[in-house]
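Subject: Structure handover and notes

Dear colleague,

I am passing on the structure below, followed by my notes on what was found in it. Please read the notes with the structure open beside them.

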Amino acid sequence: MKVAIVGASGAVGQEFLRLLDERNFPMDELVLFGSERSAGRTYKFRGKDIEVKLLKHGDDFKDIDIAFTSAGAGTSKEFAEDITRYGCVMIDNSSAFRMDDDVPLVVPECNAADALKRPRGIIANPNCTTIMMVVVLQPLEQLSHIKRIHVSSYQSASGAGAAAMAELQQQYKEIVETGEVKTIKKFPHQLAYNVIPQIDVFQPNGYTKEEMKMYNETRKIMHTDAKCSAMCVRVSSLRSHSESVWIETEAPISVEDAQKAIAAAPGCTLVDDPATLTYPMPLETAGKDDVFVGRVRKDLADENGLTFWLSGDQIRKGAALNAVQIGEYLVKEKALPCFA
């Protein structure tokens with residue numbers, strides 16, 4: 001088993017390194033690839049120093065079974081043929097292929113088997129906010145079909161990458177030292193002490209690209225006709241995203257049944273005790289694998305409605321962990337070149 005990480009120096013690439021080690025992912029060799037900026041760096045993995053190779057066109061992926069790619073949509077599109085040419089399975093964390101009909105979009109808790117049908121050798125990792133939401137929606141869908149979803153996301157700086165996290169920290173430092181922010185590069189406005197109701201670029205319908213991802217990706221992952229209306233907001237937490245979710249189902253679901261289903265669902269942890277002010281928060285969900293759910297209650301505006309709050313680590317379950325879980329499923333099913 002030979003595994004590669006493309007974009008090894010980025011926030012998600014570094015999380016891949018940690019998770020592959022923590023979860024004891026079965027492999028005989030790990031190869032790291034990066035841009036000219038990161039090529040030559042070394043990272044320690046299982047006691048060995050591994051040097052980042054320059055990602056270039058050619059036959060470098062000839063003997064590799066799985067490539068976890070997180071280097072941006074442009075890079076994924078440019079190098080997809082090189083990566084998959086000899087049978088390597090490309091598990092891609094970018095938005096490049098998510099809505100392509102011949103590329104499965106997979107969240108293992110929802111549609112793991114879709115990963116087995118990949119005519120182009122590519123499996124797409126969904127958007128972080130979509131991943132965390134559908135993990136919680138899936139057990140509720142089993143109770144009654146979800147017809148409509150309304151969601152407001154509260155997305156941390158981590159969603160924009162390692163440089164964005166550093167920028168938020170720098171902004172707070174500048175406020176303390178000088179009273180004003182001078183560094184604004186990764187966000188359209190100052191994020192420190194602020195909330196920005198825009199993630200990604202605006203589309204002709206007034207929604208942002210991030211919000212439309214939640215609409216389209218949810219339908220593809222869950223094989224559903226449910227419609228999702230989203231408002232995606234950047235907040236000044238450093239890591240872990242949160243979401244307020246309202247759903248309308250065909251038949252009413254009781255709070256108790258919803259809580260039981262969520263508590264029993266893979267990838268979910270119920271943290272819901274208003275009497276003791278217990279609910280999920282980014283400070284506590286950062287670095288954790290599960291999506292944490294609380295504030296489950298009936299929607300006062302809809303007799304078939306339910307609303308809840310969730311929080312989860314964007315870099316882990318929202319990105320690297322989901323991809324690694326896809327890889328683990330392929331190993332379990334022996335659906336890789338090394339098993340041929």
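Two strands are said to pair if DSSP finds at least two bridges between them, and the elements themselves are DSSP runs numbered from the N terminus, with helices (H or I) of at least four residues and strands (E) of at least two. In that sense, glutamate 243 stands opposite leucine 310 in strand 13, within a pairing of strand 10 (residues 241-249) and strand 13 (residues 305-312) that is antiparallel and extends over eight bridges.

Please bear in mind that this is a predicted model, in which local features need pLDDT of at least 70 and side-chain atom pairs count only at pLDDT 80 or more, while totals for chains, interfaces and linings use all residues. Residues are numbered from 1 along each chain as its sequence is written, and side-chain values use heavy atoms, with hydrogens and water left out.

Within strand 8 (residues 146-155) sits serine 153, which counts as buried because its relative accessibility is 0%; buried means under 20% relative accessible area, exposed over 50%, and partly exposed in between (1.4 Å probe, protein chains only). Leaving aside residues up to four places away in sequence, serine 153 touches Thr129, Met231, Cys232, Val233, Ser242 and Glu243, where contact means heavy atoms within 4.5 Å.

Elsewhere, strand 3 (residues 42-45) pairs with strand 4 (residues 48-54) in the antiparallel sense over four bridges, and lysine 44 stands opposite aspartate 49 in strand 4. In this hairpin, which has two residues between the strands, arginine 46 takes a positive phi near 50°.

Finally, the buried residues of helix 2 are Ser76, Phe79, Ala80, Asp82, Ile83 and Thr84, and what covers them includes strand 1 (2-6), strand 5 (66-69), strand 6 (89-92) and strand 7 (122-124).

With kind regards
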